[in-house]
Number of protein chains: 2
Amino acid sequence: MMGARLPCLDWCRNYDRVTLARDLVAAAIVTVMLIPQSLAYALLAGVPAQMGLYATILPLVAYALLGSSRTLSVGPVAIISLMTATAVGEVVATTGADYVTATIALAMLSGLILLLMGALRLGFLVNFLSHAVVAGFITASAIIIALGQLPALLGVDAGGGNLLDLSSGLLATAPATHPLTLVLGLLALGLLLLSRRWVPRLVSLGLPKTPVQLLCKASPVLVVFVTAALARWLTVEQAGVALVGEIPGGLPTLALPTVLPELWRELFDSALLIAIIGYVESVSVGKTLAAKRRQRIDPNQELIGLGAANVTSALSGGIPVSGGFSRSVVNFDAGAATPAASLFAAAGMALAALYLAPYLYHLPRATLAAVILVAVFQLIDFSHLRRAWRYSRGDFMAIATTILLTLLLGVEVGVMCGVVASLLLHLYETSRPHVAVVGEVPGTEHFRNVERHQVITHPGIISLRVDESLYFANAAYIEDAIYSLVSRTPRLRHVVLMCPAVNAIDLSALEVLESVNDRLAEAGVKLHLSEVKGPVMDCLRKSDFLLRLSGEVFLSQHQAVARLSGAQPAQPQALLSAL
Amino acid sequence: MMGARLPCLDWCRNYDRVTLARDLVAAAIVTVMLIPQSLAYALLAGVPAQMGLYATILPLVAYALLGSSRTLSVGPVAIISLMTATAVGEVVATTGADYVTATIALAMLSGLILLLMGALRLGFLVNFLSHAVVAGFITASAIIIALGQLPALLGVDAGGGNLLDLSSGLLATAPATHPLTLVLGLLALGLLLLSRRWVPRLVSLGLPKTPVQLLCKASPVLVVFVTAALARWLTVEQAGVALVGEIPGGLPTLALPTVLPELWRELFDSALLIAIIGYVESVSVGKTLAAKRRQRIDPNQELIGLGAANVTSALSGGIPVSGGFSRSVVNFDAGAATPAASLFAAAGMALAALYLAPYLYHLPRATLAAVILVAVFQLIDFSHLRRAWRYSRGDFMAIATTILLTLLLGVEVGVMCGVVASLLLHLYETSRPHVAVVGEVPGTEHFRNVERHQVITHPGIISLRVDESLYFANAAYIEDAIYSLVSRTPRLRHVVLMCPAVNAIDLSALEVLESVNDRLAEAGVKLHLSEVKGPVMDCLRKSDFLLRLSGEVFLSQHQAVARLSGAQPAQPQALLSAL
């Protein structure tokens with residue numbers, strides 16, 4: 001496929017019975033998690049529940065064959081479903097398109113974008129999405145998702161893509177709370193929280209680990225069937241409890257989505273965003289798990305695997321998918337050794353699609369809201385924000401901006417502003433670099449900041465270290481720094497620009513250096529460079545700057561100062577006191 | 001004014017007769033340049049000619065009182081007029097606003113934006129506009145302006161804001177060329193070019209410099225009156241030659257522009273762009289001239305001065321203004337010593353507005369097109385492009401992108417894409433930093449790249465120098481570089497990350513360093529740091545990274561290697577051959 005290799009050939013060859021057993025156990029656990037989650041995330045995306053089931057069959061097969069992670073579990077995930085609901089909601093409002101058609105088109109487009117990025121080997125682009133921004137985005141999205149479940153739990157009709165719309169909707173509709181729906185929802189929520197807390201303790205009672213783990217992960221699916229049975233027995237439908245209703249049984253039918261140019265154009269930006277966010281989440285989960293087993297994942301192959309998963313989801317009438325964090329960790333912990341585990345899980349989901357549908361008719365929507373609530377609560381994590389506050393204001397600003405704007409303006413605007421803010425903050429910091437006057441640490445050839453270390457300096461010589469590459473955004477700042485230092489230093493004869501931290505000099509900065517050189521020369525001061533790196537020197541040689549330079553280029557600052565100070569005795573701290 | 005000082009107080013105090021004489025000569029020369037240029041640039045902006053005159057009276061007074069450059073000549077300039085035409089043309093098409101009203105609103109908005117930026121001391125923001133982008137933008141805009149004069153020269157009706165529209169318009173209308181208009185236009189063009197070439201040579205014939213200079217600069221105004229007189233004598237109006245026509249004589253009347261919220265909102269982005277471009281051009285001219293006389297200009301005061309100039313232009317019914325390059329150089333060369341020269345020039349322009357109007361009725365528009373053509377030809381300069389091609393591909397890409405997109409998509413899209421492209425190129429380069437394995441230069445304590453220098457290395461120790469700050473966009477790249485190096489080096493015990501070029505480590509990069517530290521530790525390899533800068537060390541101390549670090553932090557790479565290599569004999573190039 002577009003020159004990509006088939007990673008599945010690597011693990012197929014040595015497949016044995018031990019591996020088979022491990023993969024089957026993992027598949028069973030992932031399948032019981034996938035059933036309620038796929039239904040719930042389909043409703044979160046705003047489409048009929050079966051579209052979630054359909055997104056867990058072929059996409060798992062596609063990723064198992066083409067993805068490079070051995071344990072990633074692909075399928076519907078909360079944040080991508082929220083982004084889908086936001087994007088499709090907008091497009092339906094503006095173009096009047098059909099909701100289901102638009103959702104399938106979105107999955108198709110995201111998949112095609114990922115495949116194209118993979119073919120062009122553009123995986124590196126996601127490096128510009130900082131961890132800080134992603135962490136903030138996930139926390140804010142999880143809060144929006146959690147709030148968005150409250151109407152279903154209360155049995156009222158409210159919605160919205162941001163904090164303000166959601167809370168005003170909730171406040172307005174809360175008085176209309178449907179008590180029976182709330183009771184069923186709270187029952188589901190209680191059962192889920194209790195089983196999450198108490199089932200793992202069965203291990204300490206001497207029960208074997210695997211069945212306990214299976215039971216623990218199966219609690220949502222059990223809650224689904226318990227509440228569905230209860231709802232049927234109590235005939236709550238007549239009492240007005242919102243149910244999942246008719247789910248067509250059977251496997252998905254394959255169909256090429258019809259290309260509606262206007263719809264696809266309107267969806268393009270959202271599809272790109274969903275592709276990138278899904279990819280970033282997926283790769284970071286994949287990387288973490290791979291590192292634990294000394295495996296590696298190939299970022300460009302991941303684009304192919306995830307792209308194929310989304311395209312097959314669209315072909316089988318499903319919603320956009322990604323690598324889910326919690327399911328992948330469960331898959332890994334349950335011992336999944338190869339992507340065959342995902343193939344078996346896909347088979348399990350196919351069986352579910354074939355035979356479970358009739359039992360889901362009476363499932364209260366409030367149960368699925370409870371399943372989502374419990375799942376996304378784990379994603380709300382403010383520890384990044386706390387850590388960034390201690391570590392650096394720039395990172396804190398980036399996270400806080402992303403969280404705030406995502407909460408206030410919704411997922412799309414939030415994450416885009418976060419990315420832009422993090423890049424601008426980085427640029428802003430590099431535009432005002434640290435500039436230090438340095439001197440020699442006694443007994444060494446090493447130069448450090450005169451304000452931090454006891455060092456030797458020489459009158460008439462300024463050793464100046466610029467702690468940044470010189471480029472257009474900081475050239476004027478550095479020019480000013482040099483002039484203000486020079487104007488404060490009497491009897492100056494040499495300025496040595498120490499360049500160990502200068503990794504590049506662009507044309508704008510070169511022009512500034514030329515004018516600094518000329519103006520210092522007019523004032524009888526020579527400009528020297530030291531410790532210029534190879535790549536920078538290569539670049540400077542292409543211009544005539546080195547010919548025009550009034551001073552010299554020294555290999556090290558030690559040599560520069562030794563030569564320029566000549567026979568003068570060293571005077572510790574002389575320069576510092578002169579400033 | 002908003003806490004800013006009045007720079008005019010500095011030069012008013014010591015004003016004497018010598019200075020007065022110099023300023024008067026300069027004012028006379030600038031005035032004769034301003035008359036044809038102000039008329040021409042008003043037509044370029046698409047508004048009646050008198051709006052150009054009005055923009056040369058109060059704005060000059062305002063800048064003389066509030067600006068920090070002593071010789072900058074403010075007024076209508078070619079590129080700002082082109083941007084005005086583009087912005088107003090669009091807004092008029094979408095909102096149906098009046099052309100003149102919209103132009104005045106644009107000047108007002110730009111002025112207010114500049115004043116606000118000055119009050120907030122945001123002058124540093126323009127550093128993000130690289131010289132490369134500005135140079136490319138000016139060249140491309142000048143080409144568009146030059147092409148845009150051809151219809152007026154040919155006497156046809158065509159227009160457009162980019163290369164394609166202009167050329168297709170010209171091709172379609174060229175057959176309708178009006179011969180008499182063309183003859184008059186070529187006459188004006190010929191006279192301008194001849195006088196530009198021959199008048200300066202009068203100096204070599206022994207004539208004094210000042211009158212020759214005045215005559216040279218007056219040639220456009222002479223051409224204006226000669227062609228106007230000719231057009232009147234030949235009664236070309238009946239023959240269908242487009243004339244400037246009725247210009248209301250008298251001084252501008254002051255009026256507060258009415259605030260039309262929709263119009264102002266639509267104009268805001270363009271006003272911001274015009275404010276920034278005008279400011280950047282103006283400051284770069286001001287800086288260059290100030291440096292020649294050892295004066296300085298204050299970037300934030302310039303915002304105030306230029307903002308006040310635009311606000312007063314709007315109040316007196318003028319067009320947006322900026323500091324013009326050619327007029328400022330002429331003002332400087334003519335000996336202008338203080339901004340009083342601009343006050344005198346403003347007085348000259350007031351006289352022109354009062355008494356010249358009747359003589360301009362018969363001025364052919366083709367003459368003004370010729371004036372513009374000759375003026376903007378000097379702005380077309382591809383030497384930057386050539387220089388960047390030799391010096392660095394990144395700068396070349398930034399200039400080429402700006403030129404191409406400005407030509408193809410017009411000034412607004414062009415300059416914005418140029419800025420974004422230059423920032424993205426910079427980020428792209430820092431996302432793939434140079435990483436070098438280094439060794440000690442024999443006989444020194446200095447470490448250089450093993451591939452470029454004959455250096456000493458030690459088995460079991462990798463000294464790795466990363467030539468970039470560590471931040472989210474390059475953290476994954478550096479992680480991969482370290483792992484691939486480690487995996488290729490047998491019997492490795494120590495990795496020393498040499499950090500003289502690491503000017504910052506952000507939270508994402510810190511997380512990567514932590515995981516590198518942990519994974520190397522699992523493999524029995526210790527991670528050390530050396531030459532960590534003060535500010536970076538301050539930052540690292542706020543996290544627990546230094547506690548978790550498996551190795552040590554050394555002051556210098558020399559100390560690190562001396563300590564870690566212990567008693568082992570040095571083996572030159574050992575590591576290099578091991579790779």
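**The contact and its symmetry**

Tutor: In this predicted model, the contact takes 51 residues from chain A and 51 residues from chain B. A pair of residues counts as in contact if the C-beta atoms lie within 7 Å.

Student: What makes up the side of chain A that touches chain B?
Tutor: Several helices of chain A each supply at least two residues, among them H7 (131–154), H18 (411–430) and H20 (507–522). By class, this side has 21 nonpolar, 17 polar and 13 charged residues.

Student: Why is the relation of the chains called that of a two-fold axis?
Tutor: Chain A is superposed on chain B by a rotation of 180° with 0.0 Å of shift along its axis, at an RMSD of 0.1 Å. That is therefore the relation of a two-fold axis. The same surface serves both copies, as 100% of the contact residues of chain A recur in chain B.

Student: Which residue of chain A comes closest to the rotation axis?
Tutor: It is Ala501(A), whose C-alpha lies at 1.8 Å.

Student: What makes Ile372(A) and Ile372(B) stand out in the largest nonpolar core?
Tutor: Of its 382 residues, these two touch the most other members. Leaving aside residues up to four places away in sequence, Ile372(B) touches Ala40(B), Leu44(B), Ala78(B), Ile145(B) and Gln149(B).

Student: How is chain A divided into domains?
Tutor: The domain assignment gives domain 1 (17–245 + 253–423) and domain 2 (435–578). The centres of these domains of chain A, taken over C-alpha atoms, are separated by 55 Å.

Definitions and conventions: Residues are numbered from 1 along each chain as its sequence is written. Chains are lettered from A and ligands numbered from 1 in the order in which they are written. This is a predicted model: local features need pLDDT of at least 70, side-chain atom pairs count only at pLDDT 80 or more; totals for chains, interfaces and linings use all residues. Copies are superposed by least squares on the C-alpha atoms of residues with pLDDT of at least 70 in both. Two residues are in contact if their C-beta atoms, placed from the backbone, lie within 7 Å. A nonpolar core is a set of buried Ala, Val, Leu, Ile, Met, Phe, Trp, Tyr and Cys residues joined through C-beta atoms within 7 Å. A residue is buried if 20 or more other C-beta atoms lie within 10 Å of its own, exposed if 12 or fewer, and partly exposed in between; C-beta atoms are placed from the backbone. Helices (H or I, at least four residues) and strands (E, at least two) are DSSP runs, numbered from the N terminus. Ala, Val, Leu, Ile, Met, Phe, Trp, Tyr, Cys and Pro count as nonpolar, Asp, Glu, Lys and Arg as charged, and the others, Gly among them, as polar. Domain bounds come from an automatic or database domain assignment.
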